[in-house]
Amino acid sequence: CAQLGFQVHCFDGVPYLGYYEAGFRLQILDIFYNNGSLLVFDVHKLGDFNLSGEKGCHVPKANVATKIGPPFSISPRNQKLVFYNCTRAPAAQAGLVDTVCRNNTFVRTGGRYNASGVIDGSYALEGCNATAVPVLGASGEANPSDYEELISDGFLLTWQPP
């Protein structure tokens with residue numbers, strides 16, 4: 001992998017992108033050499049929804065874009081899930097779905113993922129913090145009710161060889 005500009009580390013036979021710290025483990029699901037992209041899965045994102053977890057059930061708090069740096073970028077082919085952590089339930093919003101946490105946490109789709117991961121004003125909700133998570137959403141529009149499956153199916157990274 002050295003000639004491609006990144007390393008792969010295997011733990012128990014599972015490949016992870018070696019470019020990142022252990023706290024930011026991105027499991028490699030597939031590598032597409034023909035177009036310089038990887039299908040990866042952020043293993044920590046699903047742990048956020050663990051009802052009996054050490055940190056309790058919560059929506060993702062860190063934007064995935066903060067974990068990605070050169071030579072990688074998040075592909076614009078990905079769609080965006082927007083997770084909300086609210087101080088109270090927002091007024092009825094189209095497309096807003098409760099998470100398994102049931103603690104004023106919600107999710108909805110947010111169109112195509114942009115390079116910065118910035119959530120534009122049309123997705124802001126009063127009294128809520130929002131976090132964008134890229135998902136590939138293989139067939140058309142992502143369904144926010146399937147957020148756990150969408151996250152585990154991964155998202156595309158592209159790389160630019162040095």
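1. Let me begin with strand 6 and strand 9, which run antiparallel and are joined by 8 bridges. Strands here are DSSP runs of E with at least two residues, helices are runs of H or I with at least four residues, and both are numbered from the N terminus. Two strands count as paired if DSSP finds at least two bridges between them. Along this pairing, Leu81 stands opposite Val133 in strand 9, and Asn85 faces Asn129, also in strand 9.

2. A word on the basis of these notes: this is a predicted model, in which local features need pLDDT of at least 70 and side-chain atom pairs count only at pLDDT 80 or more, while totals for chains, interfaces and linings use all residues. Residues are numbered from 1 along each chain as its sequence is written, and side-chain values use heavy atoms, with hydrogens and water left out.

3. Strand 6 has another antiparallel partner in strand 8 (residues 105-112), to which 6 bridges join it. Here Gln79 stands opposite Arg112. Strand 6 is also mostly covered, with 7 of its 8 residues buried. Buried means under 20% relative accessible area, exposed means over 50%, and partly exposed lies in between (1.4 Å probe, protein chains only).

4. Which order do the strands take in the open sheet? The 4 strands follow 7-8-6-9, with antiparallel pairing. Strand 7 (97-98) and strand 9 (128-135) are at the edges; each has a single partner strand, so one side of each lacks a neighbour in the sheet.

5. Now to the aromatic rings, where a search of the whole structure gives 2 pairs. Rings of Phe, Tyr and Trp (its six-membered ring) pair if their centres lie within 6.5 Å; planes under 30 degrees apart are stacked, over 60 edge-to-face, and the rest tilted. Phe11 and Tyr16 make a tilted pair, 5.7 Å centre to centre with 55° between the planes. Phe11 is partly exposed at 45% relative accessibility, whereas Tyr16 is buried at 9%.

6. Phe83 and Tyr147 form an edge-to-face pair, with 5.7 Å between centres and 85° between planes. This pair links distant parts of the chain: Phe83 sits in strand 6 (residues 79-86) and Tyr147 in helix 2 (residues 147-152), 64 residues apart. Both Phe83 and Tyr147 are buried.

7. The largest nonpolar core has 16 residues, and Leu38, Phe72, Ile74 and Leu157 have the most contacts inside it. Such a core is a set of buried Ala, Val, Leu, Ile, Met, Phe, Trp, Tyr and Cys residues joined through side-chain atoms within 4.5 Å. At least two of its residues come from each of strand 3 (26-32), strand 4 (37-42), strand 5 (72-74) and strand 10 (155-159). Strand 10 gives the largest share, 3 residues. Apart from this core lies another, of 15 residues, including Cys57, Val97, Val107 and Leu150.

8. What does Ile74 touch, leaving aside its neighbours within four places in sequence? Its contacts (heavy atoms within 4.5 Å) include Val64, Ala65, Ile68, Tyr113 and Pro134, as well as Phe155, Leu156 and Leu157.

9. Finally, the structure holds 1 salt bridge. The term means a side-chain nitrogen of Lys or Arg within 4 Å of a carboxyl oxygen of Asp or Glu. Here the side chains of Lys45 and Asp42 meet, at 3.8 Å from N to O. Lys45 is buried at 4% relative accessibility, and Asp42 is buried with a relative accessible area of 2%.
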